[in-house]
Amino acid sequence: PDPREASIDRLVTTNFGNFPVRNFNLGYNLEYDFGDVEAYSFGTFGQRRSGLVFTYRTPRNSASLPQIYPNGFRPTLIIQEEDYEFAFGLRGNASGWDWDLSTVYGKNRARQRGVETLNPSLGPTSPTELYVGALRSTEWVSSLDVTRSFDAGEGKLQVSFGGQHRRETYAVLEGEPASYAAGNYTFVLDGVTVRPAPGGQAAAGFTPDDAGSITRNNLAAYVDVAWDPTSRTTISAAARFEHYDDASGDTLIGKVTGRQELTDWLSVRGAVSTGFRAPALAQQLYASTTGQFRTLNGQLNLLFIKTLPVESPAARALGSQPLQPETSTNLSAGFVLQPLDGLTITIDAYQIRVDDRITITSTLTGPAVTGILVGAGMSPDISAQYFTNAIDTRTRGVDVVATY
């Protein structure tokens, strides 16, 4: 018997609770009163390191090269994230109007690295630490908000309006070649020649084709009016217009709300509103590639499983369209009861209808899909296999599996 059997830990199915995370955060908040104008600034800076431990690869797994991991291994993905935002602004009062002019810039970068891993297709010379790539996003928002309260009969009239400009960026940064390379290494396992899957185990890197960046600008304006005709009644209405310089286009949304105190202990309230959510830049740009070897028609082929951006040539050939905003209609109503001093009870009902939700398609495959791509000018080496489902016309992401 192998003497190591006396002390080896055979509990290889151990599950973890929360994976380890280490955070470091700083923040500040500044303010200076010049008299008529007040200046302010605040900001945060944070670093986070988290580890995601993947499934144990047994020693006889095709990915566990005995020259590197004779006892098997459990690959880990390390995510090192840096996030910060800084805000600067001025606020004051002019002719009874309160105003606030501000600008905020924020950035997040998440670098990914595989440790205690390998790319088995490269053989025993594979590195055991792989740089997978990074995701990076920024947002710069500048706003002007103005508000004033007026006497209106027995109550008050609050008028607010403002404008905003937002600039967003998103980028996928490629990993090192060894994290996604498809090597030629083979070995014999139980009398069968095995060609391991390409790419890092639990850390397949972003390829040069996956990498890219995108930028978007947004202009918005809003107006909000709240009126208290009596001390027991509140009525408000608001509207907001958004303009995006991408396919999200223009959107106008609004809201009307009301609240009425029927007695000293019972009030009713309700609201009707429309809403929207513009597709995130990550939904428009994100791409990834994993690979595996499969025997097709008696030949060993390298099969790439790709998640494609909607604007990529292959996705467009398969019917993808530029992403449009999701829209919603919201209804709500409720009661507020105060039967006793110090006791408040609320009862609310609501309904939210969301149209044109954005989701990812099923995986697409088959000779028909291959024919579409070849007909659209893709390489004829896209030869055989696409796992396919019909593209839902309300679903505009595309996930493709192709043989190159």
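User: What makes two strands count as paired, and how many bridges join strand 5 to strand 6?
Analyst: Two strands pair if DSSP finds at least two bridges between them. The model is predicted. In it, strand 5 (residues 130-152) and strand 6 (residues 155-173) pair in the antiparallel sense. The number of bridges between strand 5 and strand 6 is 19.

User: Which residue in the turn between strand 5 and strand 6 has a positive phi?
Analyst: Strand 5 and strand 6 form a hairpin, with 2 residues between them. In that turn, a positive phi of about 65° belongs to glycine 153.

User: Which residue in strand 9 is the bridge partner of serine 160?
Analyst: Strand 6 runs antiparallel to strand 9 (residues 212-230), and 16 bridges join them. In strand 9, the bridge partner of serine 160 is aspartate 224.

User: Which strand gives the most residues to the nonpolar patch?
Analyst: The patch on the surface is formed by Phe335, Leu340, Leu343, Ile345 and Ile347, with about 450 Å² of accessible area together. Two elements give two or more residues to it, strand 15 (326-340) and strand 16 (343-355). With 3 residues, the largest contribution comes from strand 16.

User: Is leucine 343 buried, partly exposed or exposed?
Analyst: Leucine 343 is found in strand 16. Buried would require under 20% relative accessible area, and exposed over 50%. The value for leucine 343 is 36%, so this residue is partly exposed.

User: How many residues apart are arginine 91 and glutamate 31?
Analyst: The side chains of arginine 91 and glutamate 31 meet in a salt bridge, 3.2 Å from N to O. The pair links distant parts of the chain, with arginine 91 in strand 3 (residues 76-94) and glutamate 31 in strand 1 (residues 21-33).

User: Which residue forms a salt bridge with arginine 269?
Analyst: The closest N and O atoms of this salt bridge are 3.0 Å apart. Arginine 269 lies in strand 12 (residues 266-277), and its partner lies in strand 16, 79 residues apart. That partner is aspartate 348.

User: Why does glutamate 326 count as buried?
Analyst: Glutamate 326 forms a salt bridge with arginine 277, the closest N and O atoms being 3.2 Å apart. Glutamate 326 is in strand 15 and arginine 277 in strand 12. Arginine 277 is partly exposed, at 35% relative accessible area. Because buried means under 20%, glutamate 326 falls in that class with a relative accessible area of 12%.

How values were computed
Residues are numbered from 1 along each chain as its sequence is written. This is a predicted model: local features need pLDDT of at least 70, side-chain atom pairs count only at pLDDT 80 or more; totals for chains, interfaces and linings use all residues. Side-chain values use heavy atoms; hydrogens and water are left out. Helices (H or I, at least four residues) and strands (E, at least two) are DSSP runs, numbered from the N terminus. Patches are made of residues with over 30% relative accessible area and no salt bridge: like charges are joined within 9 Å, nonpolar side chains (Val, Leu, Ile, Met, Phe, Trp, Tyr) within 5 Å. Accessible areas come from the Shrake-Rupley method with a 1.4 Å probe; for residues, only the protein chains shown count as cover. A salt bridge is a side-chain nitrogen of Lys or Arg within 4 Å of a carboxyl oxygen of Asp or Glu. Buried means under 20% relative accessible area, exposed over 50%, partly exposed in between (1.4 Å probe, protein chains only).
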